[in-house]
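Please open the model in your viewer and keep the sequence panel beside it.

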Amino acid sequence: MAKTKNKSLAGFSEKTSDFILVAICLVILLIVAYPLYYVLVASFSNPYEVYAGKTFLLPSQFTLDGYKAVFADDSIITGYMNSILYTVLGTIFSVVMIYLTAYPLSIKNLPGRKFISIFFIITMYFGGGLIPTYLVVKDTGLTNTIWAIFIPGGVAVGNMIIVRNFFENSIPKEMIEAAKIDGASQWTTFIKIMVPLSRSIMAVMVVFSMVAYWNDWFTALIYLPGDERAPLPLVLRNILIKSSASAGQASTISGGYAELNKLTEMIKFSSIIVAAAPMLVFYPFVQKYFEKGFMAGAVKG
């Protein structure tokens, strides 16, 4: 009797279903990736060609004027260094705080566990507002210090819940019980068992925190006056504002407005690439941990 072919997706053969799934994934990839690729191509193109719809897959009238204008400002290097500093310190601080919060809340018999969990969840939906928050940060002496970047938002509650779920569902309870029998304290259990076994979810938290701190400019705008401490996104914002203002002032000059407006549009596209490039380079190195850890930290039900 002849063997029947393997059937999978909606009765199709295995090869056909694989082909359909690959095609669907490629379509989704194009939908997600093309906007970023378009910005990359537009950053090397004449903006008038871009708005005329002549730029699709390759740059139109190739130019580096946008990048030259961005890097011509001396503050760009300072902004890069500040962003790296804030991102590294902020990521370390946030991940440590998330772990120190998530582990106790993963212990079923922790006194007041339910109340503390509800308290954290409330902060996800309700806040005091910008002015009360600013007054609290000011009265605690954090304004004009880099600590204002980290401490007010040190614990991302959503991330903490993911880590807590990982501790509850993915760490074998037998290992924790064995450690208790051997006389290990909660701190020893946390350092020698929980942390080493949660490297995958830690990679997820590192990526989340790094992206958040790297893209954050509003916190520095509020709490860190002065250009010397501005992170890269804030520096790029200031460069774009200056360029737009110059274009506005040149509107009374014949031909001046068109050229400055052209430069402003090129700076917009170039700034996006300059700000996003470090994260795009870093992400592939942690992508495998990101997928594994994120799924492991999901709620099982």
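**The whole chain**

Begin with everything selected and a surface drawn: the accessible surface of the protein chain comes to about 18100 Å², of which 69% belongs to carbon and sulfur atoms, with areas taken from the Shrake-Rupley method with a 1.4 Å probe and, for residues, only the protein chains shown counting as cover. This is a predicted model, in which local features need pLDDT of at least 70 and side-chain atom pairs count only at pLDDT 80 or more, while totals for chains, interfaces and linings use all residues. Residues are numbered from 1 along each chain as its sequence is written, and side-chain values use heavy atoms, with hydrogens and water left out.

Switch to a cartoon and the protein chain shows 14 helices and 0 strands, where helices (H or I, at least four residues) and strands (E, at least two) are DSSP runs numbered from the N terminus. Of the 301 residues in the protein chain, 36% are buried; here buried means under 20% relative accessible area, exposed over 50%, and partly exposed in between (1.4 Å probe, protein chains only). Among the contacts in the protein chain with a separation of 6 or more, 70% are accounted for by residues 24 or more positions apart, a contact being heavy atoms within 4.5 Å.

**Helix H8**

Select residues 157-170, which form helix H8. The end C-alpha atoms of H8 are 19 Å apart, which agrees with the 20 Å that its 14 residues should span at 1.5 Å a residue, the expected span being 1.5 Å times one less than the number of residues. Colour H8 by accessibility next: because 11 of its 14 residues are buried, H8 is largely enclosed by the rest of the structure. The buried residues of H8 include Asn159, Arg164, Asn165 and Glu168, as well as Met160, Phe166 and Phe167.

Now centre on Val157, which is in helix H8 and is buried, with a relative accessible area of 9%. A C-alpha to C-alpha distance drawn from Val157 to Met124 reads 6.7 Å, although the two are 33 residues apart in sequence.

**The largest pocket**

On a 1 Å grid over the protein atoms alone, a pocket is an open set of points with protein on both sides within 12 Å along at least five of seven lines, a cavity is a set where a 1.4 Å probe fits but cannot get out, and lining residues have an atom within 4 Å of a point.

By class, the lining of the largest pocket has 22 nonpolar, 9 polar and 1 charged residues, with Ala, Val, Leu, Ile, Met, Phe, Trp, Tyr, Cys and Pro counted as nonpolar, Asp, Glu, Lys and Arg as charged, and the others, Gly among them, as polar.

**The cavity**

Select Ser83, Tyr86, Ile149, Tyr213, Asp216, Ala220 and Pro231 to display its lining, which has 5 nonpolar, 1 polar and 1 charged residues.

Thr219, found in helix H12, counts as buried at 18% relative accessibility. Beyond residues up to four places away in sequence, Thr219 touches Ala148, Ile149 and Leu224, and Ile149 is also one of the residues that line the largest cavity.

Select Val235 in helix H13 (residues 232-249), which counts as buried at 4% relative accessibility. Val235 and Ser75 are 160 residues apart in sequence and 6.8 Å apart in space, C-alpha to C-alpha.

Finish at Gln61, in the loop between helix H2 (47-51) and helix H3 (65-71), and at Asn144, in the loop between H6 and H7. Gln61 has a positive phi of about 55 degrees although it is not a glycine, and Asn144, also a residue other than glycine, has a positive phi near 65 degrees.
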